[in-house]
Amino acid sequence: MAEEESASSAVVGAEQALDPVLLAKARPVAAAILPDGVMAEMMGPAMQKMMGPMMDSVSKMPIRDLAQVGGLDPAEIDKLSDATLRDIMEILDPAFDERMTIMTETMFPALGRFMTQFEPDMREGMAEAFAGRYSAAELDKIGAFLETPTGKKFGSGFMLLATDPHYIGRMQAIMPQMMKAMPSIMKTSSEAMAKLPKPKKYGDLSKKDRDRLAELIGIDPKKMKQ
């Protein structure tokens, strides 16, 4: 609750710091870039086109690469074959492809419908960001551009660029290298976190902390086990 109140206070503080004139100029810009219905389009047909090839790419990766990302002991990884996730799923789930197709065709449209209701809030947040980054003169120039035929085309399609096949193709090409690099990337975080104190186990807690923990998760303190 304290974290939520702090975050809310930060948002309110940011809103109060914004110049109303700049915010008024920024709102039409945000409306042009995030028009009504864009989230349904992004999360629906566009996302379906993107996820299909991405899932296919992941399914063709060797299990040893996936295990490496998961942090499996290198000695154990060396014992794995070059089998891919698809090779395994052909045995475990003959309907794997159909299952993935059904998931993308049902989940993402539903997610798009869910996100549509938040478009006004997203537009306002985008307007606030623009108002905090650009001057009145700059916002006037951006707004004027977005009123031109080219600007309208650019603005209405900007959010959909992330689902463009050309962009997705480049991202897919990066995926195998990214998966191989993840262990090294995660090691950096692990080394930094090694300096922190270890998380407490239940047995390390005082009675006061145990009672508070039980209260927070709604469990009778007497039923809490180490």
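User: Is methionine 51 buried or exposed, and why?

Analyst: Burial is judged from relative accessibility, and a residue is buried when that value is under 20%. In this predicted model, methionine 51 has a relative accessibility of 17% and therefore counts as buried. Methionine 51 lies in helix 3.

User: Which residues is methionine 51 in contact with, leaving aside its neighbours within four places in sequence?

Analyst: With those neighbours set aside, methionine 51 is in contact with Thr104 and Phe108.

User: How should I describe the packing of helix 3 with helix 7?

Analyst: Two packed helices are described by the angle between their axes and the distance between the axes. Here helix 3, residues 38–59, and helix 7, residues 96–116, have axes that come within 8 Å and cross at roughly 150 degrees. Since angles over 145 degrees count as roughly antiparallel, helix 3 is roughly antiparallel to helix 7. The crossing of helix 3 past helix 7 is right-handed.

User: Which residues make that contact between helix 3 and helix 7?

Analyst: From helix 3 the contributors include Met43, Met47, Met51 and Met55, and from helix 7 they include Met100, Thr104, Phe108 and Met115. Sorted by class, the residues in the contact of helix 3 with helix 7 are 12 nonpolar, six polar and one charged.

User: At what angle do helix 2 and helix 9 pack?

Analyst: Helix 2 (residues 20–33) packs with helix 9 (residues 136–146) at an angle of about 30 degrees, and their axes are 9 Å apart. Helix 2 and helix 9 are therefore roughly parallel to each other, and helix 2 passes helix 9 in a left-handed crossing. On the side of helix 2 the contact involves Leu22, Lys25, Ala26, Val29 and Ala32; these meet Ala136, Leu139, Asp140, Ile142, Gly143 and Leu146 of helix 9. Eight of the residues in the contact of helix 2 with helix 9 are nonpolar, one is polar and two are charged.

User: What places leucine 23 among the buried residues?

Analyst: Its relative accessible area is 12%, so leucine 23 is buried. Leucine 23 belongs to helix 2. Beyond its neighbours within four places in sequence, leucine 23 is in contact with Leu18, Glu124, Ala127, Glu128 and Ala131. Between C-alpha atoms, leucine 23 and glycine 132 are 8.3 Å apart in space, although 109 residues apart in sequence.

User: Which residues have the most contacts inside the largest nonpolar core?

Analyst: A nonpolar core joins buried residues through their side-chain atoms. The largest one has 25 residues, and Val38, Met126, Phe130 and Met159 have the most contacts inside it. Helix 2, helix 3, helix 8 (119–133) and helix 9 each supply at least two residues of this core; helix 3 gives the most, with seven. Methionine 159, apart from its neighbours within four places in sequence, is in contact with Ile33, Leu34, Val38, Met42 and Met126.

User: How many helices and strands does the protein chain have?

Analyst: The protein chain has 12 helices and zero strands. Of its 226 residues, 25% count as buried. Among contacts between residues at least 6 apart in sequence, 68% join residues at least 24 apart.

Conventions
Residues numbered from 1 in each chain as written. Predicted model: local features only at pLDDT ≥ 70, side-chain atom pairs only at ≥ 80, totals over all residues. Heavy atoms only, no water. Axes fitted to C-alpha atoms, helices over the stretch in contact; angles between N-to-C directions. Helix = DSSP H or I, 4+ residues; strand = E, 2+ residues; numbered from the N terminus. Parallel < 35°, antiparallel > 145°, perpendicular 65-115°, else oblique. Left-handed = near helix turned anticlockwise from the far one by under 90°. Contact = heavy atoms within 4.5 Å. Nonpolar A, V, L, I, M, F, W, Y, C, P; charged D, E, K, R; others polar. Core = buried A, V, L, I, M, F, W, Y, C linked by side-chain atoms within 4.5 Å. Buried < 20%, exposed > 50% of the residue type's maximum accessible area, 1.4 Å probe, protein only.
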